[in-house]
Every structure is written in structure tokens, then in C-alpha cells.
Amino acid sequence: MLAVEEARARIIAALTPTAAETVALADGAGRVLARGVVARLTQPPADVSAMDGYAVRAADAPEGAVLRMAGAAPAGRPFAGRVGPGEAVRIFTGGFVPDGADAILLQEDASPSDGAVRVNETVQAGRWIRRRGLDFAEGTQVLPARRKLTARDIGLAAASNNPWLAVHRRPRVGILATGDEIALPGDPIPPGGIVSSNAHALAALVRAAGGEPVVLPIAPDDTAAIADVAAGAHAFDLLVTTGGASVGDHDLIQQALGGEGFELGFWKIAMRPGKPLIWGRLGRTPVLGLPGNPVSALVCGVVFLIPAIARLSGLEGAPTPTRRVLTAVPLAQNDRRADHLRAALSVDAQGRMLVTPAPVQDSSMLATLARADALVMRAPFAPALPAGAEVEAIILAELGV
């Protein structure tokens with residue numbers, strides 16, 4: 001069986017980011033830049049006042065000096081003249097500093113009266129002036145390529161006068177659930193059957209990760225039917241299947257896709273839940289075959305599918321981020337498979353984050369996963385740990401899943 005880290009590395013290495021497309025600035029949040037953003041202007045465009053007050057010549061403004069008011073320079077209406085000896089110009093935050101002035105007298109340090117202003121505290125040259133280009137200069141790159149855009153980034157792109165952004169297209173992910181026994185929610189359930197949750201759960205995970213999910217019709221346990229549905233795989237950047245990945249008589253994914261030219265990359269990983277995982281390629285389309293068990297499918301989605309979508313979206317595809325937390329209960333020694341324990345989070349009196357794994361970790365229990373806050377990661381052959389020991393955990397809410 002392949003180690004989790006090796007399996008994920010092979011998946012990421014086989015993926016190529018989607019092509020670039022141009023979107024409006026307002027639609028850029030959460031997207032990944034395909035090209036860096038270059039400032040189309042200088043900010044600030046001139047020396048501007050950082051405070052409300054008076055633009056003065058520092059040499060004329062010791063404490064006790066009285067200066068003649070020569071005009072005003074509110075933001076958006078620069079003073080047209082020049083500040084001469086013994087003069088002051090009323091200015092407001094963001095206003096252009098007039099020619100001749102080299103400092104700002106704060107309004108709380110001044111006493112205006114009858115067309116003049118008295119200096120109540122000596123002014124220092126250069127004080128309270130934001131120099132031209134302090135933030136950025138025209139022609140400089142303000143945001144690099146392969147950056148996932150935050151609200152702060154959108155603000156910077158807007159301030160640098162960029163109404164359009166070149167971003168990677170959202171990956172289209174086809175999701176194919178297989179099995180004679182499953183039905184979509186609300187549809188008639190076959191005898192001995194169950195409701196299919198995988199396709200909808202994985203679609204939500206894909207959407208949260210930045211992809212565009214396309215849920216395909218359920219394919220019965222028939223190689224021809226599975227092959228027919230998968231024949232349209234070329235329309236997707238990634239095809240995800242659920243079910244049929246194991247070794248039972250009705251686990252037909254490899255057999256059905258093999259006739260369509262499927263090339264197997266690897267099968268089975270040393271992981272719990274999620275051992276029967278398939279990775280390969282159907283023509284030019286990468287295929288990730290997840291277990292049919294709903295908990296296994298979702299946990300594998302967190303561990304493998306989220307990084308895969310990140311890579312397709314233009315990022316590196318780094319492993320799903322984790323945190324170091326404390327276990328609230330003792331943990332037994334682990335076996336040869338990497339374990340992912342569904343756990344609740346709490347905070348102790350010292351403000352430390354604690355995890356408490358669910359007492360029953362059966363991979364069929366979707367309700368346990370839905371109530372979980374974290375996946376506690378246990379390496380193969382990890383030793384037994386006492387309560388209070390440090391462990392590594394994936395915090396599910398931080399992923400939006």
C-alpha cells in the first residue's frame with residue numbers, strides 16, 4: 001500500500017493548472033492569479049497630508065509664530081498657488097501638499113483667528129506628509145501570479161487601477177457515483193438500497209475548494225453503463241468517482257474504465273478510512289476514484305481532492321493545512337495505516353485547543369463526521385499517547401467543509 005504523502009505527491013505532480021481567463025475585479029475574490037497585477041498609477045500620486053491641519057514651511061513655524069492664511073487644499077481640490085514665507089494653507093487628510101510647504105501643522109496644535117493661524121507647537125520638516133509613491137509606484141508588480149486573492153488583494157488591485165484580472169479558470173470536476181443499491185435523495189430507494197450522499201457531499205466540497213462540480217447520473221454496477229457515463233470525461237479537468245474502487249465482484253471502476261483506455265497510476269493507500277483509492281488517467285482527464293463509503297469518500301476528499309483542486313486552480317497543491325492541538329483523552333498505539341480520527345474541539349481554562357475523538361470511528365457513520373470539528377491525524381505505528389499530548393489535526397471549519 002502506498003503512503004498517504006506519496007499518494008498525494010503523485011496526484012499533485014500529475015496535474016496542470018487550468019488556462020487563464022479574464023474576470024472583472026468584483027469577481028476576483030477567491031480566484032488564483034494567472035498573471036501578476038501591475039500598478040497602473042502611483043499611489044499616492046503626489047505628496048499628501050496624513051492629517052487635517054495646515055501646510056506650512058517648517059522654518060516659519062516655531063511655537064508662537066503667527067502665519068497668514070493663503071488658502072485651502074481639501075482632498076480633490078489642490079491649492080493652485082505656492083506657500084510663501086509666513087504663509088499657511090488649510091489642508092485636510094489626503095490633500096495634495098502645496099508647492100513651497102514642507103510640513104503639516106496639526107489642527108489641534110494651532111489656533112486660527114481672523115485670516116491667520118497661531119502655531120502652538122513647533123513644526124518639524126517632513127512631519128505628517130505621505131510622500132509620492134509611498135504605497136506603490138506605477139509599473140511595479142503589486143500582486144504576484146499564483147496568489148489566491150483575498151479581500152485585501154482586491155482592494156489593492158482596485159487602488160492600483162486594475163478593473164480586470166487574469167485568473168485561472170475554475171476547475172470543472174465531474175462526480176460519478178456508482179452502485180445498483182444507491183438512489184438520489186427523494187428518488188425511490190431500490191430494495192436493499194440506500195440514499196446516495198457522496199455525490200452531493202463531494203460537490204459541496206469541490207465548490208468550497210474553488211472548483212465547479214458537475215454531478216453525473218448514478219451509474220449502476222455494469223461496466224458498459226459506467227463506461228458510457230465516463231465517456232464524457234474529456235469535458236472535465238478532473239473526474240471523481242465514488243464506489244467500485246475495491247475488490248468485490250461489483251467493484252467495477254478499473255474494469256469499466258480499462259476498456260476506455262484508463263491508465264492506472266496507483267491503487268490502495270495505507271490510510272484509514274479510505275484504503276481503496278484509485279488514481280489514474282482516462283485520456284487527458286485525470287481520474288480520482290474514491291471509496292463508496294461516505295465517510296471514507298469525504299475524508300479522502302479532504303486529504304486528496306482539496307489539494308488537487310488547489311493545484312488545478314493555479315496553486316502549489318500543498319497538503320491540507322493542520323494545527324498542533326492537545327488530545328483530551330489518551331490515544332492508543334496506531335497500526336500500519338495512517339488514521340484520521342473524527343473529533344470534537346474544545347478550549348480549556350488556559351485557552352488551549354483540545355480534541356476529543358469520537359468513541360466509535362466506524363467509517364459508515366456520516367453523522368459522526370458531520371458533528372466532528374477536526375480530523376486527528378495519526379501516523380502509521382504512532383505510539384500510544386496520554387491525555388494532554390500534542391497531536392496534529394485538520395480543522396474542518398477552516399476548509400469550509
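Analyst: Happy to! Strands here are DSSP runs (E, at least two residues), helices are H or I runs of at least four, and both are numbered from the N terminus. Two strands count as paired if DSSP finds at least two bridges between them.

User: Thanks. Before I go on, what should I know about the model itself?

Analyst: It is a predicted model: local features need pLDDT of at least 70 and side-chain atom pairs count only at pLDDT 80 or more, while totals for chains, interfaces and linings use all residues. Residues are numbered from 1 along each chain as its sequence is written, and side-chain values use heavy atoms, leaving out hydrogens and water.

User: And what is the mean pLDDT of the chain?

Analyst: The mean is 92, with 95% of residues at 70 or more; pLDDT is the predictor's confidence in each residue, from 0 to 100. Residues 246-251 fall below 50, and beyond near neighbours in sequence this stretch has eight contacts in the model, a contact being heavy atoms within 4.5 Å.

User: Back to strands. Do β17 and β21 run parallel or antiparallel?

Analyst: Parallel: four bridges join β17 (residues 238-242) to β21 (residues 285-290). Threonine 242 sits opposite leucine 290 of β21.

User: What pairs with β23?

Analyst: β19 pairs with β23 (residues 338-347) in the parallel sense over two bridges, and arginine 272 stands opposite aspartate 339 there. β25 (residues 374-378) runs antiparallel to β23, with five bridges, and its arginine 378 is opposite aspartate 339. β24 (residues 353-357) is also antiparallel to β23, again through five bridges, including the one between alanine 344 and threonine 356.

User: How many residues lie between β23 and β24?

Analyst: Five, and the two strands form a hairpin; glycine 351 in the turn has a positive phi of about 80°.

User: Which residues other than glycine have a positive phi?

Analyst: Aspartate 114 is one of them, at about 50°, in the loop between β8 (110-113) and β9 (116-119). Arginine 146 is another, near 65°, in the loop between β11 (141-143) and α2 (151-159). Most residues other than glycine have a negative phi.

User: Is aspartate 114 buried or exposed?

Analyst: Exposed, at 78% relative accessible area. Arginine 146 is partly exposed at 41%. Buried means under 20%, exposed over 50% and partly exposed in between (1.4 Å probe, protein chains only).

User: Last topic: which charges sit over rings?

Analyst: Arginine 90 lies over the face of tyrosine 54, 5.0 Å from the ring centre. The charged end of lysine 268 is over the ring of tryptophan 267, 4.9 Å from its centre. This requires NZ of Lys or CZ of Arg within 6 Å of the ring centre and within 35 degrees of the ring normal.
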